[in-house]
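Let's take a walk through this model, one residue at a time. Have the structure open and follow along.

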Amino acid sequence: MHSEELLAQVAALPALPGVYRYYDADASVLYVGKARNLKKRVSSYFTKNHGGTRIGHMVGKIVRLETTVVRSEAEALLLENNLIKTLAPRYNILFRDDKSYPYLKITGAPDRQPMVREGSAPSAVAFPRVAYYRGAVDRKHRYFGPYPSAWAVKESIQLLQKVFRLRTCEDTVFANRTRPCLLYQIKRCTGPCVGLVSAEDYHQDVLNAEAFLRGDAQSVLNALETRMMTHAEKLEFEQAAELRNQMSALSKVLHQQSVETASDKDVDILAVRVQGGKACANLAMVRGGRHLGDRAYFPSHIEDAAALQEFDDAEDAAGTRPVEEQVLEAFIAQHYIGVPVPPALITSHPVSPELVEALSQQAGTRIGATHNPRGQRRLWLEMAEKNAELQLARLLAEEGSQQARTRALVESLDLAPDNLDTFRVECFDISHTAGEATQASCVVFHHHQMQNREYRRYNIEGITPGDDYAAMRQVLARRYARLAQAGRDTPDATPPEDAPEEAVAEAPGEPVADVEVQAIADPQAAAAAEAQPEAATAEARPRRAKPGGGGSAQRLPDLVLVDGGRGQVSMAREVFAELGLDLSVIVGVEKGEGRKVGLEELVFADGRDKVYLGRESAALMLVAQIRDEAHRFAITGMRARRARVRVGGSQLEEIPGVGAKKRARLLQRFGGVRGVAAASVEDIATVEGISRELAEEIYRALH
């Protein structure tokens with residue numbers, strides 16, 4: 001079944017450690033594996049009869065092989081998981097790359113007190129601020145973390161404000177204060193902006209805060225007590241009282257911590273549960289002796305990957321390992337790529353010594369892993385295991401509910417999809433404010449869930465302001481014209497998966513905003529999405545839909561929902577008729593009497609009578625969920641675009657040489673476009689990456 005060239009390549013492999021990759025006829029990666037002996041491992045896939053097993057199906061698709069020889073099994077393990085994260089193979093356990101952890105940031109270089117001239121105005125550099133931070137770290141500042149959530153960071157900042165009273169204001173705010181702010185009044189800041197605390201005392205508070213974040217709370221208490229007694233001996237009772245209050249606040253904070261320890265400073269606790277073909281890896285973090293909470297991860301490809309891993313284990317004569325161990329090791333190997341590894345890992349299942357050794361080599365320090373802990377560590381592990389169990393049960397319940405809703409919708413509309421699991425819905429909505437900043441949104445429901453990576457926004461131009469019908473016509477034409485053309489050119493062929501992406505402008509106005517966004521699961525993320533202007537980029541050529549993948553489908557969706565009644569449906573029918581597409585997939589969601597939720601009716605483009613599904617209908621719940629998500633996505637994009645137009649943010653975008661990073665630095669330094677316009681050429685040139693010539697160009701453009 002395999003080519004002679006491939007079999008010859010397998011026969012010529014060296015008996016050395018390395019990593020191998022299997023590819024199918026479409027050049028997609030099927031599997032990435034490692035081996036102590038490449039020749040023995042890879043040959044076993046092609047010399048044995050696997051029958052109709054999962055391994056047999058995978059081997060039958062292999063048309064190409066790539067290998068990389070390494071020096072040790074630890075190197076092979078690290079390379080294997082880097083490739084898994086990069087290539088996302090079909091038959092490997094794969095965790096979504098969701099490692100954008102937040103940090104707590106203290107500005108300024110560590111252990112260095114800036115010099116302050118006597119009589120000069122307070123400088124922001126001399127008084128470091130504590131802030132929430134997410135992104136790449138550098139040596140210019142001090143970072144603590146990572147933290148499992150934004151809530152954990154903000155709680156820690158509040159603790160530092162209560163105890164050490166460090167400032168949190170931006171440097172631009174600090175430089176322009178003439179009187180203390182509210183935080184000073186409620187004793188959450190010492191007022192460095194107006195000179196109410198000396199640079200030396202503030203520097204000592206910063207050092208104490210850093211020690212507290214490292215878990216050295218007791219040493220901080222001892223140092224405060226020593227300073228308090230020194231002031232008392234000098235009869236400086238006001239300063240002694242301030243330190244006494246600080247000690248009291250710190251003692252109260254330590255007493256309120258529900259989970260704390262004096263022995264462990266930084267620990268990660270990892271627990272895995274597998275049930276019903278799904279798995280959950282729960283990660284709990286302890287930083288500075290404080291339990292900061294946990295975070296759940298759900299891998300994909302469990303069953304296929306477990307079958308191949310079982311085969312690999314048998315070839316290594318290591319015995320078959322439980323699926324939980326395979327998932328745990330896959331999570332550890334993939335998760336700690338590019339993320340700091342704490343010195344201690346507490347795990348629900350044993351971890352191979354080779355993996356621990358690889359982590360130690362990567363971190364440059366000795367890493368320990370324990371799977372049968374005692375004392376406080378045991379309590380932490382039990383908490384993590386219970387949370388993994390609860391999160392997995394929630395996932396299974398949600399998936400069962402979503403599958404039932406999908407089935408109910410298909411049956412209610414009398415649809416006949418080839419496969420219920422691949423049933424695809426695309427929903428469109430139009431949003432604007434009195435015709436200003438009109439945007440259309442397209443959201444995608446696929447594999448029983450919203451596929452937020454496939455969401456798209458379209459800037460609508462060239463229409464009468466407020467004409468929703470024309471806006472709907474434009475977005476549908478831009479969305480499906482290329483698909484219709486491909487169908488006319490090659491009616492029986494499926495375009496290749498690796499078709500290059502092209503910039504298109506199929507309708508007047510700005511390029512399509514091709515926006516990849518994360519699911520908004522909390523108000524803070526939603527606010528950030530509303531506040532951040534989207535980047536207008538070209539629409540990508542539709543690609544074949546894959547589970548968890550991005551891009552548009554190469555085929556027409558099973559259902560196209562438009563938020564509106566007969567008018568919007570009529571417009572959609574005209575577009576589909578012009579493009580030669582199936583009209584039966586178009587359904588409008590018409591609001592019911594009094595626009596009350598639960599009274600919506602479905603309007604069909606092919607002439608069928610309207611349908612009322614019923615307030616308690618599972619099908620209507622799914623339709624409402626998709627429609628509301630399209631509305632939310634359109635609203636957030638429209639608000640961001642409108643805000644950008646109103647504040648003149650596009651002025652900076654039009655200046656040659658000012659890219660996204662430089663624009664962000666300018667806006668952060670001066671607090672907005674107005675602040676940049678008010679700055680002098682010399683001030684603009686002090687921003688990182690801005691030369692004198694570019695500063696003059698920016699000044700001229702804004703004046």
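Leaving aside neighbours within four places in sequence, aspartate 268 is in contact (heavy atoms within 4.5 Å) with Leu283, Ala284, Met285, Arg287, Tyr336, Pro342, Ala344, Leu345 and Ile346. Pick out Arg287 from that list: the side chain of arginine 287 makes a polar contact with the side chain of aspartate 268, at 3.0 Å. A polar contact here is a pair of N or O atoms within 3.5 Å; within protein, one must be able to donate a hydrogen and the other to accept it, and residues adjacent in sequence count only if both atoms are side-chain atoms.

Aspartate 268 itself belongs to strand S7, residues 267–275. Strands (E, at least two residues) and helices (H or I, at least four) are DSSP runs, numbered from the N terminus. With a relative accessibility of 1%, aspartate 268 counts as buried, that is, under 20% relative accessible area, where exposed is over 50% and partly exposed is in between (1.4 Å probe, protein chains only).

A quick word on the ground rules: this is a predicted model, where local features need pLDDT of at least 70 and side-chain atom pairs count only at pLDDT 80 or more, while totals for chains, interfaces and linings use all residues. Residues are numbered from 1 along each chain as its sequence is written, and side-chain values use heavy atoms, with hydrogens and water left out.

Now for the loops. Alanine 27 sits between strand S1 (18–23) and strand S2 (29–35); its phi is positive, near 65°, though it isn't a glycine, and it is partly exposed at 48%. Alanine 88, in the loop between helix H4 (73–87) and strand S4 (102–106), also has a positive phi, about 50°, and is partly exposed at 41% relative accessibility.
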